[in-house]
Structures are given as structure tokens and as C-alpha cells.
Amino acid sequence: PRTGMPIDRIASASVIHTDGSLADAAATALCIAGPSDWIRIARRMDIKFAMLVDMDGTVYLTPEMNSRIRFEGEPPPKVIVESLSEAGG
């Protein structure tokens, strides 16, 4: 948003929520936040089910989304599950 250039670090973001508009807005916000800040944004928006995939194929998941995802075929090169609690873990 600061430069007007397209996002180049994120290949995909998925959010599951009962409010479709919130899910769409959250997925956009997570893309902009990128791998270094996506979990903080998910916490602030109270998003429990979120997944981000970067351009290298690394998959970032909340624990809740991790429990719903099953990878088929070739597994991703790296999967990182990040806690929604402030303490992390």
C-alpha cells in the first residue's frame, strides 16, 4: 500500500470465517502483512482459520487451520504452524 506496487512475497492466502466479507478482508490483510507479520494481523482480526503460502512454497498456518488441512501429492517444502496466543508456540 505504501508503494503502490503489487505484493511479491505471497502466492496465496486463505481464511475461513462465518462472515465472508471479513474472511475476504482478512485474506487481503494477511497478504499485505506477509510472512513476518501475518500472525499478528490474524490475532488482531480474531481470525482462527488462516493459511498463507509464500513464493517459495512455505505454508504458514494457524493451529486451527492446520487441523483442517491435508496436503495431497507433493508436500510443501516447509510448513510453519504459528500460535494465535501472544506468547507464541
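Student: Are Trp38 and Tyr60 buried or exposed?

Tutor: This is a predicted model. In it, both Trp38 and Tyr60 are buried.

Student: How many aromatic pairs does a search of the whole structure find?

Tutor: The search finds 1 aromatic pair. The ring centres of Trp38 and Tyr60 are 6.5 Å apart and the planes stand at 65 degrees, so this pair is edge-to-face; planes over 60 degrees apart receive that label. Because Trp38 belongs to helix H2 (residues 38-44) and Tyr60 to strand E3 (residues 59-61), the pair ties together parts that are 22 residues apart in sequence.

Student: Which residues touch the most other members of the largest nonpolar core?

Tutor: The general idea comes before the case. In soluble globular proteins, nonpolar side chains tend to be buried together. Here the largest nonpolar core has 18 residues, and those touching the most other members are Val15, Leu30, Trp38, Ile47, Ala50 and Leu52. At least two core residues come from each of strand E1 (10-16), helix H1 (20-33), H2 and strand E2 (49-54). H1 gives the most, with 6 residues. A second, separate core of 5 residues includes Met51, Val59, Leu61 and Met65.

Student: Which residues does Ala50 touch, not counting those up to four places away in sequence?

Tutor: With that exclusion, Ala50 touches Ser14, Val15, Leu30, Trp38, Tyr60, Leu61, Thr62 and Met65. Both partners of the aromatic pair, Trp38 and Tyr60, are thus listed among the contacts of Ala50.

Student: Where does the charged end of Arg68 sit?

Tutor: The charged end of Arg68 sits over the ring of Phe49, at 5.3 Å from the ring centre.

Terms used. Residues numbered from 1 in each chain as written. Predicted model: local features only at pLDDT ≥ 70, side-chain atom pairs only at ≥ 80, totals over all residues. Heavy atoms only, no water. Phe/Tyr/Trp six-rings, centres within 6.5 Å; stacked < 30°, edge-to-face > 60°. Helix = DSSP H or I, 4+ residues; strand = E, 2+ residues; numbered from the N terminus. Buried < 20%, exposed > 50% of the residue type's maximum accessible area, 1.4 Å probe, protein only. Lys NZ or Arg CZ within 6 Å of the ring centre and 35° of its normal. Core = buried A, V, L, I, M, F, W, Y, C linked by side-chain atoms within 4.5 Å. Contact = heavy atoms within 4.5 Å.
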